[in-house]
Amino acid sequence: MQRREFIQLVGAGAAATTLVGCATTNIDAKGAKVLVIGGGYGGATAAKYVRKFSNYTADVTLIEPNQNFISCPLSNLVIGGSKKLEDITVSYEGLRKNHGVNLVRDSVVSIDVAKKQVRLAGGASLFYDRLIVSPGIDLTYDKLPGMLAPNAQNEVLHAWKAGEQTIGLRKQLESMKNGGVFAISIPLAPYRCPPGPYERACQVAEYFQKNKPKSKVLILDANDDVTSKPGLFKLAWSRRYAGIVEYRPKHSLTDVDVKGKTLKFEFNDDIKADVLNVLPPMRAGSIAVKTGLANMNGRWCEVDFLTFESKVAPNVHVLGDSIQIAPGMPKSGHMANQHGKTCAAAVVAILSGADVNQLPVYNNTCYSFVSSQDVVHVASVHQYDAAKKTMVTVPGSGGVSAAANPLEGEYAHAWARNIWADMLV
Amino acid sequence: MSQLFTRQSSILAAVSFVSLMVIAGSVNAQSLQVKQWAASCSACHGTDGYSEGGMASLAGQTKAELIQKMNEYKSGKRVASIMHQLSKGYTDEQIEQISAYFASLPVEKAAPKKTK
């Protein structure tokens, strides 16, 4: 009788344990293999935090073709001339040394979802239990025929991926004559970093003001209005950069005459300038498009916001700029960092048999330099809405700066130091 | 008699072991949730709240201190450039759990974990 009771109790215990789904006192991912594609704000963060949240029990490999991380946030300061590229460059070595992340310097050419394998450009195949894809964005020129001509993309730069083109655009501005015109074309939202083009216009304007005062900045925006911090940017243009910056909305670019240095628009007159900076329409990074992960109009990847698992590929998670964003969610580096941690927590929960967090909460903070010193911010808090199955901004949270100020300039640099370490050290 | 006693102990042991496992399971899930919430602060305040400079370190502050600051940001009593806007996005319960997490960490950051 007593013996039977004992067996029954143990039986019930086993059932209870199964229900809870976690039989150990510590999270243990048991050496499960997690591959991360892309070492930007999203992927590098995810790689570090899968290791950290799993108590260093998951085997994590980061696949990234570049030797060092170069930050897009703050790269406009390199274009403005107050920072150098090395100031915004961080080694990936900390991820290996401090967190035991395997670093593979390569890129992925294909994903076999059925076999749970990725193939590298170098020829090797790697197996995964869970794959995290954070490929950033691709710039699309197919609707701008002039940009498809040989060498066109080396002459008219985007500088929307920090690196060579950032330096290239800076050089074009340095060699431009005093009295020249810099024209920046902005695509329809959504695109990477909503306030970025307006910040860039400020940075170029400050450079002109100090060094080439007869020069002009023309902002040609496909959108109906400034898409981020509109009041603060317009104030900067009308007060700080009066007579230098001109903002023109509803300018939908249809082609670029590269040799003639002319932009052509759907409804507006052609514009000739000395330095053209074309931000073409964007979509998820090419590996996401090629593999069908970008299931929303072939542009963005739809995900489950509890886990960041792709809606079309099991065991594959997508995050950062390449996802179909939730309402009010910007495509920003800070947001990708937040995706990375939320995804990491979910992946670790799945691999170790724990419950997945049903209420992710995270934030966005974005500082923009309206000069080399003065900064404005936009901030927001986002939480999961179980009924809508998406992230929503928390009512009453968030906002923008009252005015541009140097204290937030210091905070912006501190933000960079902290977030780079949070991703990479 | 002694045999019966042993059996009863085994039953008790089994029951408490199971209860422990059940509690451990929910604590783990909850702690991953709290870790995610707390990690949302780390972008600016450093991993686990150990600031790299220029922002306040959160690790090792007392729970009461952290809760009070967040509430003062919410009410506007404490002046901020950004925290008055971000604090309003977190519930009292979330702030309590996040504060408890940072309060549980030592003031000084431990050396990096050994790699495999």
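**Pairing, packing and burial in a predicted model**

Trainee: Three bridges join strand β7 (residues 117-120) of chain A to β8(A), and the two run antiparallel. What makes them a pair?

Mentor: One position to look at is A:Gln117, which stands opposite A:Phe127 in β8(A). This is a predicted model, in which local features need pLDDT of at least 70 and side-chain atom pairs count only at pLDDT 80 or more, while totals for chains, interfaces and linings use all residues. Residues are numbered from 1 along each chain as its sequence is written, and chains are lettered from A and ligands numbered from 1 in the order in which they are written.

Trainee: In what order do the strands of this sheet stand, and what makes β6 (108-112) and β8 (125-127) of chain A its edges?

Mentor: The sheet is open, with three strands in the order β6-β7-β8 (chain A) and antiparallel pairing. Each of β6(A) and β8(A) has a single partner strand, so one side of each lacks a neighbour in the sheet. Neighbouring strands are turned by 20 degrees against each other on average, direction ignored.

Trainee: Which strands does β21(A) meet through bridges?

Mentor: Nine bridges join strand β20 (residues 361-369) of chain A to β21(A) in antiparallel fashion, with A:Val376 as the bridge partner of A:Ser368, and a hairpin links these two strands through five residues. Four bridges join β21(A) to β22 (residues 390-393) of chain A, again antiparallel, A:Gln383 standing opposite A:Val392. In that hairpin, which has four residues between the strands, A:Lys389 takes a positive phi near 55 degrees. Two bridges join β21(A) to β23 (residues 399-400) of chain A, also antiparallel, and here A:Ala379 stands opposite A:Gly399.

Trainee: How do you know that the span of helix α7 (residues 196-211) of chain A is close to the expected one, and is the helix largely enclosed or exposed?

Mentor: Helices (H or I, at least four residues) and strands (E, at least two) are DSSP runs, numbered from the N terminus, and the expected span of a helix is 1.5 Å times one less than its number of residues. Helix α7(A) has 16 residues and reaches 22 Å from its first C-alpha to its last, against the 22 Å expected. As 13 of its 16 residues are buried, α7(A) is largely enclosed by the rest of the structure.

Trainee: How do helix α2 (residues 41-53) and helix α10 (residues 333-352) of chain A pack, and at what angle?

Mentor: Their axes (lines fitted to C-alpha atoms over the stretch in contact, with angles from 0 to 180 degrees between N-to-C directions) lie 7 Å apart at an angle of about 30 degrees. Residues in contact have C-beta atoms, placed from the backbone, within 7 Å; among those involved are A:Tyr49 and A:Phe53 of α2(A) and A:Val347 and A:Val348 of α10(A).

Terms used
Buried ≥ 20, exposed ≤ 12 C-beta atoms within 10 Å, placed from the backbone. Contact = placed C-beta atoms within 7 Å. Pairing = 2+ DSSP bridges.
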